[in-house]
Amino acid sequence: MTSSVAALAERVRTADSVVAFTGAGISAASGIPTFRGEDGVWGSEFDPADFHVDRFHADPSAFWERRVDLYAAMTPDDVAPNAAHDALSTLESRGLLDAVVTQNTDGLHRDAGTDDLIELHGTNRLVECVDCGSRADAAPVRERVRGGDLPPTCGDCGGLVKPAVVLFGEQLPTAVFDRAREMARESDLFLAVGSSLTVEPAASLPRDAARHGSLAIVNLEPTPQDARADVVLHGDATDVLPAVVEALA
Ligand code: NAD
Ligand code: ZN
């Protein structure tokens, strides 16, 4: 096991296929707190039980009121991609990275220009009707909730709308997860960035990848999967990933 930027850059350069796997930590420098770890939102005024799918169905109005509070607490007004999102997008445009599989729902990889993106847990940018499946922008819905128009409903059929994300208690869409698993298995290098690597089933992807190829981990703190990685860098993703890009210039 190595822990140098140069070693990671060399692996990126020589691998036939590289897939990045990102978690909440990559967006921390954009001002979006993580769920777990130091300064995580679950240690503050929020309770994960309020965002469970059962809570949504039991009381959609109360669910949405809390959801809008959580969104406001987690999203600065001027939220934007940071140097780590940009570095992954640069690697992709140079042909050194095949795809990004993200657990994040914040849309920042898309904003940074990443093209091949799998959003495992969906996106907070949209809402989805539970009856007809039609999708719409989330911002106007949050606005309606703040104005007391509860619970928010679908413009097409009048059904309830929910955030277009995988809520606690919901299954990941099979097709999305299968594609991510295939990419993990087929990659020579699977680069996990800013994830505690504990949320299942997403955390099974680095395990799978390490069995078939090589695993690299970039995270502020140690993770339970460090032992199976070939490269582990404990540091801020906004320092490490730009340094890797630099080393490959
Ligand atoms: P997590 O909250 O479990 O872990 C985040 C990890 O990132 C921690 O281990 C922490 O040490 C590390 N970290 C924090 N700042 C970092 C930095 N600057 N550089 C490198 N590492 C840093 O996150 P997870 O593993 O993604 O799982 C959380 C779940 O919560 C996911 O399902 C995700 O959908 C959701 N989530 C998403 C967002 C978002 O969209 N931005 C934010 C919070 C939670
Ligand atoms: Zn509908």
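**Sheet.** I looked up the sheet first. In this predicted model, three strands form an open sheet in the order β5-β4-β6, paired antiparallel. Strands here are DSSP runs of E with at least two residues, helices are runs of H or I with at least four, and both are numbered from the N terminus. Two strands pair if DSSP finds at least two bridges between them. β5 (135–137) and β6 (161–165) are the edge strands, each pairing on one side only. Neighbouring strands are turned by 45° against each other on average, direction ignored. Axes are lines fitted to C-alpha atoms, for helices over the stretch in contact; angles run from 0 to 180 degrees between N-to-C directions.

I then checked β4 (residues 122–129). Four bridges join β4 to β6, and the two run antiparallel. Glutamate 128 stands opposite lysine 162 of β6.

**Helices on the sheet.** α3 (residues 60–74) packs on the sheet and touches β4 and β6. The direction of α3 makes about 40° with that of β6. Contact means heavy atoms within 4.5 Å. α6 (residues 138–146) lies across β4, β5 and β6, at about 70° to β4.

**Helix pair.** How do α3 and α6 cross, left-handed or right-handed? I find a left-handed crossing, the term for a near helix turned anticlockwise from the far one by less than a right angle; clockwise would be right-handed. Their axes come within 10 Å and cross at roughly 115°. From α3, the contact uses Trp64, Glu65, Val68 and Tyr71. From α6, Val141, Arg142, Val145 and Arg146 take part. By class I get five nonpolar, no polar and three charged residues. Nonpolar covers Ala, Val, Leu, Ile, Met, Phe, Trp, Tyr, Cys and Pro; charged covers Asp, Glu, Lys and Arg; the others, Gly among them, are polar.

**Cavity.** One cavity of 30 Å³ or more turned up. A cavity is a set of points, on a 1 Å grid over the protein atoms alone, where a 1.4 Å probe fits but cannot get out; lining residues have an atom within 4 Å of a point. The largest cavity has a volume of about 60 Å³, taken as the space filled by probe spheres on the points, which are joined across faces, edges and corners. Its lining includes Trp64, Tyr71, Leu126 and Arg142. α3, β4 and α6 each give two or more residues. α3 gives the largest share, four residues. Seven lining residues are nonpolar, one is polar and two are charged.

**Conventions.** Residues are numbered from 1 along each chain as its sequence is written, chains are lettered from A and ligands numbered from 1 in the order written. Local features need pLDDT of at least 70, side-chain atom pairs count only at pLDDT 80 or more, totals for chains, interfaces and linings use all residues, and side-chain values use heavy atoms, with hydrogens and water left out.

Terms used. 1 Å grid on protein atoms, 1.4 Å probe; cavity = no way out; pocket = protein on both sides within 12 Å on 5 of 7 lines; lining within 4 Å.
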